[in-house]
Amino acid sequence: MGTHVIKMPDIGEGIAEVELSQWHVKVGDLVVEDQVLADVMTDKAMVDIPSPVHGKVISLGGEPGEVMAVGSILISIEVEGAGNAREAPAVAAPLEKAAPVVESQPQPAPGKPAPVAANVQAPVAREANERPLASPAVRKHALDAGIQLRLVQGSGPAGRILHEDLEAYLQQGASPASAAANPYAERNDEHQIPVIGMRRKIAQRMQDATRRAAHFSYVEEIDVTALDELRVHLNEKHGATRGKLTLLPFIVRAMVVALRDFPQINARYDDEAQVITRLGAVHVGVATQSDVGLMVPVVRHAEARSLWGTAEEIASLATAARNGKASREELSGSTITLTSLGALGGIVSTPVLNLPEVAIVGVNRIVERPMVIKGQIVVRKMMNLSSSFDHRVVDGMDAAQFIQAVRGLLEQPASLFLE
């Protein structure tokens, strides 16, 4: 038997260090080739680290939240044959004791892949403070159901707890925690949540944006009655063949058209070099909520896309972001950002700039309100745009005129397609 050492890979773009976000395995687990071992976090995206070999985990080189240098030892795996340990520095000491292996589990024949760890795990025997592997959605499900995750047997890779495991745990007669069973019960529990991975990057970027940029917000209401009627008409006529349209592709189109007259808003500001770069290409970042936090995938060259092309790209990128599959390239390079909370959009918001951009357009929810039009009270669909700008680059008058231009295009939707 030998040892195969996996080092922190060079993810590219001159990155010298990355943050270890989460382990998907522990010491003693059997792993197979291409099984995800860990998630690491760069400035832009979460990256999976797969195993290049079959074998058994013998040591981990870091803890979640630790910033590790590229080339440092990430994990060591016991393998058949010589391994590559001779070419690598000494293996770091294990971070935890080896997990027990069921003695009756048959060992793999020479040349055969080792079985997945989930097949050889012993029954649940976790310490009170042990944090089992589970996605944020599963943790919320468990919290809502009053289930202590440390008591649940996971059936996913490396013992990862799935939604099905929670349901099976409840069906076996396990009672929820007392606070869930009695909503009036007195509670004194506390939960410490490390700010690591994506949440740390979000916190750093938001703090950096509010510290460096001179934010100001501008809010305008828009009558989207005609726009929504057009959207419904197009969906009825072409939805079955081209896909359904939301309002977002129309708003992206309005931004693209309006930016032709306001190039100073489609820009990036390098405040260290004191240089403003105005861009002809409109790369629209679309803020998207995922299980690991806010991500901003980018619709590239929105100026060259049709309504349906924009809609398809937004849907594809949002799905990739929510599933944690968006690439670094898909999460970088935006020139202006669009953010929307959909039905939860509220009346007014004050979005934070996505530096080094100088503008972000925020969409609030649509509400029906009585409006006076030509002396008559009529019900109209109204929506606010709450947008923020960097006052170091964008003057208040320019920001207001830009949003008014967007408003005019959305209230007269035919003008979106006039050249």
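## Basis and overall composition

Helices (H or I, at least four residues) and strands (E, at least two) are taken as DSSP runs and are numbered from the N terminus. The structure is a predicted model, in which local features require pLDDT of at least 70 and side-chain atom pairs count only at pLDDT 80 or more, whereas totals for chains, interfaces and linings use all residues. Residues are numbered from 1 along each chain as its sequence is written, and side-chain values rest on heavy atoms, with hydrogens and water left out.

The chain contains 8 helices and 18 strands. Of its 419 residues, 44% are buried; here, buried means under 20% relative accessible area, exposed over 50%, and partly exposed in between, with a 1.4 Å probe and protein chains only. A contact means heavy atoms within 4.5 Å. Among contacts with a separation of 6 or more, 64% are made by residues 24 or more positions apart.

Asn84 is situated in the loop between β8 (73-79) and α1 (136-145). How accessible is Asn84? With a relative accessible area of 19%, Asn84 counts as buried. Neighbours within four places in sequence aside, Asn84 is in contact with Thr3, His4 and Val5. A polar atom of the Asn84 side chain lies 2.6 Å from the backbone nitrogen of Val5; a polar contact is a pair of N or O atoms within 3.5 Å, where within protein one must be able to donate a hydrogen and the other to accept it, and residues adjacent in sequence count only if both atoms are side-chain atoms.

An open sheet of 4 strands has the order β1-β8-β6-β3, with antiparallel pairing. Strands β1 (2-7) and β3 (30-31) form its edges, each pairing on one side only; two strands pair if DSSP finds at least two bridges between them. Strand β6 (residues 55-60) runs antiparallel to β8 and is joined to β8 by 4 bridges. Leu60 has Ile75 of β8 as its bridge partner.

## Helix α5

Helix α5 spans residues 225-242 and bends by about 50° at Glu236. The bend at a residue is the angle between axes fitted to the seven residues ending there and the seven starting there. The buried residues in α5 are Thr225, Leu227, Asp228, Arg231, Leu234, Asn235, His238 and Gly239. Their packing partners are β9 (215-223), α6 (248-259), α7 (307-322), β18 (376-390) and α8 (396-411). Gly243, just after the helix, adopts a positive phi of about 100°.

## Nonpolar cores

A nonpolar core is a set of buried Ala, Val, Leu, Ile, Met, Phe, Trp, Tyr and Cys residues joined through side-chain atoms within 4.5 Å. The largest such core comprises 49 residues, and those with the most contacts inside it are Ile251, Ile265, Val284, Ile336, Leu338, Phe389 and Phe402. Helix α6 supplies the largest share of this core, 10 residues. Apart from it lies another core, of 21 residues, including Ile15, Val40, Val53 and Ile75.

Residues up to four places away in sequence not counted, the residues that Phe389 touches include Ala214, Phe216, Tyr218, Ile265, Leu353, Val358, Phe402 and Ile403.

## Aromatic pairs

A pair of aromatic rings is described by the distance of the centres and the angle of the planes. Phe262 and Phe402 are both buried.

## Backbone details

A cis peptide bond, with omega of about 10°, joins Leu355 and Pro356. Pro356 belongs to the loop between β16 (336-340) and β17 (359-373).

Asp34, a residue other than glycine, has a positive phi near 80°. Asp34 lies in the loop between β3 and β4 (36-41). Is Asp34 buried or exposed? Its relative accessibility of 59% places Asp34 among exposed residues. His301, also not a glycine, has a positive phi of about 50°. His301 occupies the loop between β15 (298-299) and α7 and is partly exposed, with a relative accessible area of 40%.
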